[in-house]
Amino acid sequence: MAPAAARTINDFLADTQTSAEDYDLILTGDLGYTGTELLYELLEIEYHRNIESVHNDCGLMIFDLKKQDVNSGGSGCGCSASVLCSHILKRMRKGDLHKVLFVATGALMSPTSTKQGQPIPGIAHAVLLEHR
């Protein structure tokens, strides 16, 4: 999922001629700790971009990694929906956040492909949320 997220973020920023600093928050869906670290590495190496100062991940936000034994954090579309529809939209309504790039991530799982040693394709969609 991190490669798809990295490509989507890069393509979105390039297409809109913006940089990470133009956003209050760049939010990914459910990469968790490991996926987030991979995202940063891919963006830096492949696209020469750094989003760490404005990025967070729903899979990291939904749990406290220091207090809860959740390994890398949360995964699945439930993380994205829960964090975005509660915490993030509430902060936008309050005026804490004005411009959020939300990159929903997912894996296209196939038991057959996995058993055959095939890669698991990832997908990511970018949605720009603005509140003025």
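Is histidine 48 buried or exposed in this predicted model? Histidine 48 is exposed, because its relative accessible area is 67%, and exposed means over 50%.

**Figure 1. Overview of the predicted model.** The protein has 5 helices and 4 strands. Follow the sequence and the pattern reads α-β-α-β-α-α-β-α-β. The protein counts 132 residues, and buried residues make up 38% of them. The protein exposes about 7,700 Å².

**Figure 2. Histidine 48 in its loop.** Find helix 2 and strand 2. Histidine 48 sits in the loop between them. Its phi angle is near 55 degrees. That is a positive value in a residue other than glycine. Histidine 48 is exposed, at 67% relative accessible area.

**Figure 3. Glutamine 17, a residue with positive phi.** Glutamine 17 belongs to the loop between helix 1 (2-16) and strand 1 (25-28). The phi value here is near 50 degrees. Glutamine is not glycine, yet the value is positive. Is glutamine 17 buried or exposed? Glutamine 17 counts as exposed because its relative accessible area is 75%, over the 50% mark.

**Figure 4. Isoleucine 88 and its contacts.** Isoleucine 88 lies in helix 4, which covers residues 77-94. Isoleucine 88 has a relative accessible area of 0%, so it is buried. Which residues does isoleucine 88 touch, leaving aside its neighbours within four places in sequence? The contacts are Leu25, Leu27, Met61, Val83, Leu97 and Val100. Take valine 100 as one case. It stands 12 residues from isoleucine 88 along the chain.

**Figure 5. A negative surface patch.** Which residues form this patch? They are Glu37, Glu41, Glu44 and Glu52. Now pick out glutamate 52. It lies in the loop between helix 2 (32-47) and strand 2 (55-57). Histidine 48 also lies in the loop between helix 2 and strand 2. Glutamate 52 has a relative accessible area of 46%, so it counts as partly exposed.

**Figure 6. The salt bridge of aspartate 96 and lysine 94.** Side chains of opposite charge can pair when their charged atoms come close. How many salt bridges does a search of the whole structure find? The search finds 2. One joins aspartate 96 to lysine 94. Their closest N and O atoms are 3.7 Å apart. Aspartate 96 is partly exposed, at 41% relative accessibility. Lysine 94 is exposed, with a relative accessible area of 62%.

**Figure 7. The salt bridge of glutamate 130 and arginine 132.** Here the side chains of glutamate 130 and arginine 132 meet. The N to O distance is 3.4 Å. Are these two residues buried or exposed? Glutamate 130 is partly exposed, because its relative accessibility is 44%. Arginine 132 is exposed, because its relative accessible area is 82%.

Methods
Residues are numbered from 1 along each chain as its sequence is written. This is a predicted model: local features need pLDDT of at least 70, side-chain atom pairs count only at pLDDT 80 or more; totals for chains, interfaces and linings use all residues. Side-chain values use heavy atoms; hydrogens and water are left out. Patches are made of residues with over 30% relative accessible area and no salt bridge: like charges are joined within 9 Å, nonpolar side chains (Val, Leu, Ile, Met, Phe, Trp, Tyr) within 5 Å. Accessible areas come from the Shrake-Rupley method with a 1.4 Å probe; for residues, only the protein chains shown count as cover. A salt bridge is a side-chain nitrogen of Lys or Arg within 4 Å of a carboxyl oxygen of Asp or Glu. Lys and Arg count as positive and Asp and Glu as negative; His and the chain ends are not counted. The place of a charge is taken as NZ of Lys, CZ of Arg, CG of Asp or CD of Glu. Helices (H or I, at least four residues) and strands (E, at least two) are DSSP runs, numbered from the N terminus. Buried means under 20% relative accessible area, exposed over 50%, partly exposed in between (1.4 Å probe, protein chains only). Contact means heavy atoms within 4.5 Å.
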